[in-house]
Amino acid sequence: MIEKKLPVSLNLPSDGEDEDILDIALKTVRQHLGMEVAYLSEFVDGQSIFRAVSAPGLEDMIQPGQSINISEVYCQHILDGELPQLMADTSNYPVATAMPITQNLPIGSHVSVPVYRPDGSVYGMFCCLSPTPNPTLNARDLSVMETFAGIASKELDATLKRRSEAAAVSSRIENTFATDGVEIFLQPIVRLETGALTGFEALSRFAETPYRTPDLWFNDALTVGRQIELETLVIRKALALLPQIPPGVSISINASPDTVASGILAPLVS
């Protein structure tokens with residue numbers, strides 16, 4: 001008996017603020033087909049690289065950025081016509097059963113369609129798989145996959161560019177923490193009437209080249225959720241200079257409202 005599937009709905013609850021069209025497409029197809037794993041891969045130098053993944057509970061098994069040799073997965077066999085795009089039961093296909101990945105994952109059912117670049121070349125594959133056979137899979141499901149693969153291809157460049165930029169920002173901020181790549185400079189504050197030194201304002205300068213102004217660094221930290229962490233580092237380094245400040249002279253530090261509201265300043269100052 002063939003199970004009738006419900007219409008596909010895009011009105012899905014978001015699992016997080018970072019969810020974009022690729023995440024939504026993968027999750028929608030995976031849930032519609034009742035399968036455990038969905039992913040978008042890219043072919044690069046003989047490797048199939050996972051660019052977006054929906055596999056709740058299986059994150060240790062498959063994650064974005066991981067890669068596998070293209071000869072070890074179904075992709076090239078599907079493109080060459082040696083395997084069909086839809087396999088409700090992989091045990092029915094000798095080419096699939098002969099591949100180690102079929103037993104190692106395992107893969108009991110599999111649906112995959114190619115994703116194309118604007119120039120018509122193959123970017124990679126839009127795939128769903130399950131460890132068990134799925135006899136309900138049919139031509140209509142393959143059509144759904146092709147539709148979402150088309151959506152993915154249209155959004156691919158913009159989405160992957162956003163992800164690449166976010167990864168670069170995250171790496172830049174992480175490198176600043178790892179290398180202690182920020183210095184504190186003290187700008188004098190003087191009384192205009194007498195010219196007497198009354199205090200210093202602590203200003204941060206970042207070591208990475210080419211030079212970028214501090215506001216850009218703190219904005220980057222904000223976009224990757226590390227604003228308070230970076231400000232705390234800078235404030236801690238500024239307060240460490242207090243023993244070098246003459247008696248009666250103050251030091252001023254800058255902090256965003258979020259950092260002030262976090263409550264981190266009191267233990268730092270104490």
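This is a predicted model: local features need pLDDT of at least 70, side-chain atom pairs count only at pLDDT 80 or more; totals for chains, interfaces and linings use all residues.
Asn 134 sits in the loop between strand 6 (122-130) and helix 5 (139-179). Its relative accessible area is 11%, so Asn 134 is buried.

Now show the polar contacts of that side chain. A polar atom of the Asn 134 side chain lies 3.1 Å from the backbone oxygen of Leu 33. The side chains of Asn 134 and Thr 136 are joined by a polar contact of 2.6 Å. Next, display what surrounds Asn 134. Beyond its neighbours within four places in sequence, Asn 134 is in contact with Leu 33, Gly 34, Met 35, Ala 88 and Ser 109.

Move on to the aromatic rings. The structure holds 3 aromatic pairs. Select Phe 206 and Trp 217: this pair is stacked, at 4.7 Å centre to centre with 10° between the planes. The pair links distant parts of the chain, with Phe 206 in strand 8 and Trp 217 in helix 6 (residues 214-223), 11 residues apart. Phe 206 is buried because its relative accessibility is 4%. Trp 217, at 1%, counts as buried too.

Phe 218 lies in helix 6, 12 residues from Phe 206 in strand 8. Both Phe 206 and Phe 218 are buried. Show the three rings together: ring pairs link Phe 206, Trp 217 and Phe 218 into a cluster.

Last stop, the surface. Select Val 190, Leu 192 and Leu 197, which make a nonpolar patch of about 310 Å². Leu 192 is in the loop between strand 7 (182-190) and strand 8 (197-206). With a relative accessible area of 81%, Leu 192 is exposed.

Methods:
Residues are numbered from 1 along each chain as its sequence is written. Side-chain values use heavy atoms; hydrogens and water are left out. Patches are made of residues with over 30% relative accessible area and no salt bridge: like charges are joined within 9 Å, nonpolar side chains (Val, Leu, Ile, Met, Phe, Trp, Tyr) within 5 Å. Accessible areas come from the Shrake-Rupley method with a 1.4 Å probe; for residues, only the protein chains shown count as cover. A salt bridge is a side-chain nitrogen of Lys or Arg within 4 Å of a carboxyl oxygen of Asp or Glu. Helices (H or I, at least four residues) and strands (E, at least two) are DSSP runs, numbered from the N terminus. Buried means under 20% relative accessible area, exposed over 50%, partly exposed in between (1.4 Å probe, protein chains only). A polar contact is a pair of N or O atoms within 3.5 Å; within protein, one must be able to donate a hydrogen and the other to accept it, and residues adjacent in sequence count only if both atoms are side-chain atoms. Contact means heavy atoms within 4.5 Å. Rings of Phe, Tyr and Trp (its six-membered ring) pair if their centres lie within 6.5 Å; planes under 30 degrees apart count as stacked, over 60 as edge-to-face and the rest as tilted.
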